[in-house]
Amino acid sequence: MFDSSIVNEVSAPPVGSAEHMTKPVKRLGERLIDAGLITQMQLELALREKKRQDKFLGEILVDLGFVTPDALTHILATENKTDVVDVVNTTIDPNVLATVDYDIAKQHKLIPLQLDGNRLTVAFSDAYNIVAIDLIERQTGKTVNVVTAPEKAILEALENNYAQSHSILETIDQLLNEDIELLGENIEDISPMVKLVDQIIARGVKDKASDIHIEPDERVVRVRYRVDGVLRSDVLVPGDFRLALTARLKLMAGINVSEKRVPQDGRIHFKYGSGEIDLRVSTLPTSYGESIVLRILDSGSVKLSLDKLGLSSRDNKRFIDAMNQPYGMVLVTGPTGSGKTTTLYTALGQVDKETRSVFTLEDPIEYSLPMIRQTPINAEVGMDFAAGLRALLRQDPDVILLGEIRDLETSQLAIRAALTGHLVLSTLHTNTAAGSIPRLIDMGVERYLLPSALHAVMSQRLVRRLCEHCKQEISDSDKLVETYGLADYLPQSWQFYQSSGCDHCGQSGFQGRKVIYEMLMMDETMHDLVINNASVTEIEQQAKHNGMKSIFENGVQCAAQGMTTIDEVLRVVR
């Protein structure tokens, strides 16, 4: 249900009242400048674009990447004395949804959230939309309590709550009632099959899955979603529809439908809510047909905020200091799927892009970043990381993000760039922060260059967060401490919890993920250790003496604060 505690019970002034009709003294652009969200130059460009396009100024500013939808909504909500609510992650009673028709809700970009007696709480993208407020009050006979949410969030919530009116199983039943033989080879184009594929993708986006697996078996096709790093089975599609399902996905991805013998890669632009979600598609021949994996690339899910990383205040300051250096290297290490790319994007969020020239080399480009020049790697035409970095260094960069350091040439070029006036951010596949030093040396980097070039190394993992709605205290926490030898890692006040399961988390007991990490700073105490070929253990001991907490210790302390479970920490660390 909708939680009224997220709203401070601030109602809109009566419809048609003088207070409601009062317009702000300053225009939107001026207010955004006063808030420090845009510059005068950006406003002038947006105003010129507004004359050319039939859009509101706010839409133009968001499209240009000058301001985020959340920031724009906050400014408008403050003006109208309404509250901003999270409509995407709100569970809405179907009876409340039924008070407003879907067509009206989508037309006016609004969604009903809660009905309390004669009071209907409705989220609007535009709290000044008096016509829509009056319409809802007349149609429902209720007094409208106005709250605000970003337009994109409202349209996504509409998609989640209204648009998916039929379940996947109902669509499969509809397909089973069709005569497959009469449909012939174009079954992938019939309406139920198109709807089935759209529903499979939409469910993955709605459930915040990172990947969708379409797995052919002897008699069925299994659909599984990777949510918070863990695969879970969702639905079985009859084997008779395997070829049509595969063909439909390949057609959407723009790859060869008739080629079934070799792996293929493609991309799908999927319409969802107010915008498009990109999906990277990979096919692989198996004994029962082609296995297809869709990686969901939702730029809206990337939160470029250090607060989201959950660094300690000490490490947060160290991280910001490293990012403010004029040159040097910052590395993020960990296995595939540990959130390294998101951390690097967050790091770029600390860079002043107005005064510094920022470039990236990525394989592939997963998310578009405003005011940053991003270049994709294409090894087939000779555009690998090394070739791209050589070309990029002639583009007068200040900050360079390398998707990954993989080989001798790339590592040597990256170190050289870090020593010659460039800030270089990159990833490395090592299990620990200290392990990055011998890894770079093994790649051919001269040992004596590392202390001067390397500023910081952050090694990380992702653990699942406990669902706040259903987590339960563990009564015998002391036994857990004794079993796993955790006494030395615990804070003064602690309590372990376990997962339970409820409707909010899909009965999994977890909702979302959190970074656990260790951060190694390359200060003067590390210089002699690196030069004198110290072991990884010696480097780690010195780093811990300097205040570094290991990934395991960081994870245990997160569990002790009720953020995750000890079993989850052990799953990803040991």
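## Overall size and fold

The radius of gyration is taken here over C-alpha atoms, and the rule for a globule is 2.2 Å times the number of residues to the power 0.38. For 574 residues this rule gives a compact globule with a radius of gyration near 25 Å, and the protein, at 26 Å, agrees with that expectation. The structure is a predicted model, and its C-alpha atoms fill a box of roughly 80 × 70 × 60 Å when the box is taken along the principal axes.

The protein contains 25 helices and 18 strands. Of its 574 residues, 48% are buried.

## One side of a helix

Helix α19 runs through residues 436-443, and within this helix Ser436, Ile437, Leu440 and Met443 are buried. These residues lie on the same side of α19, because the arc they cover around the axis is only 125 degrees. After α19 comes Gly444, a residue whose phi is positive, near 115 degrees.

Ile296 belongs to strand β9. Its relative accessible area is 8%, and since buried means under 20%, Ile296 is counted as buried. Which residues does Ile296 contact, once its neighbours within four places in sequence are left aside? The residues in contact with Ile296 are Gly204, Val205, Ala209, Ser210, Ile212, Ile277, Asp278 and Leu279. Glu366 is 70 residues away from Ile296 along the chain, while the C-alpha atoms of these two residues are separated by 9.3 Å.

Ser125, by contrast, is placed in a loop, the one between β2 (119-124) and α8 (130-140). With a relative accessibility of 16%, Ser125 also counts as buried, because the limit for this class is under 20%. When residues up to four places away in sequence are not counted, Ser125 touches His108, Lys109, Thr148, Ala149, Glu151 and Ile154.

## The second largest pocket

Rolling a probe the size of a water molecule over the atoms shows where empty space is left. In this model, the second largest pocket holds about 470 Å³ of space. The pocket is lined by 17 residues, and those closest to its centre are Asp265, Gly266, Arg280, Asp363 and Pro364.

Three strands, β7 (264-272), β8 (275-286) and β9 (289-297), each supply at least two residues of this lining. Strand β9 is also where Ile296, described above, is found. By residue type, the lining of the second largest pocket divides into 7 nonpolar, 3 polar and 7 charged residues.

## Enclosed cavities

How many cavities of 30 Å³ or more does the count give? The count comes to 2 cavities of this kind, and the largest cavity has a volume of about 40 Å³.

The residues that line the largest cavity are Arg318, Met519, Leu520, Met521, Asp523, Met526, Ala543, Asn546 and Met548. Strand β18 (residues 510-521) provides the largest share of this lining, namely 3 residues. The lining of the largest cavity is made up of 6 nonpolar residues, 1 polar residue and 2 charged residues.

Definitions and conventions
Residues numbered from 1 in each chain as written. Predicted model: local features only at pLDDT ≥ 70, side-chain atom pairs only at ≥ 80, totals over all residues. Heavy atoms only, no water. Buried < 20%, exposed > 50% of the residue type's maximum accessible area, 1.4 Å probe, protein only. Helix = DSSP H or I, 4+ residues; strand = E, 2+ residues; numbered from the N terminus. Arc of directions from axis to C-beta. 1 Å grid on protein atoms, 1.4 Å probe; cavity = no way out; pocket = protein on both sides within 12 Å on 5 of 7 lines; lining within 4 Å. Points joined across faces, edges and corners; volume = space filled by probe spheres on them. Nonpolar A, V, L, I, M, F, W, Y, C, P; charged D, E, K, R; others polar. Contact = heavy atoms within 4.5 Å.
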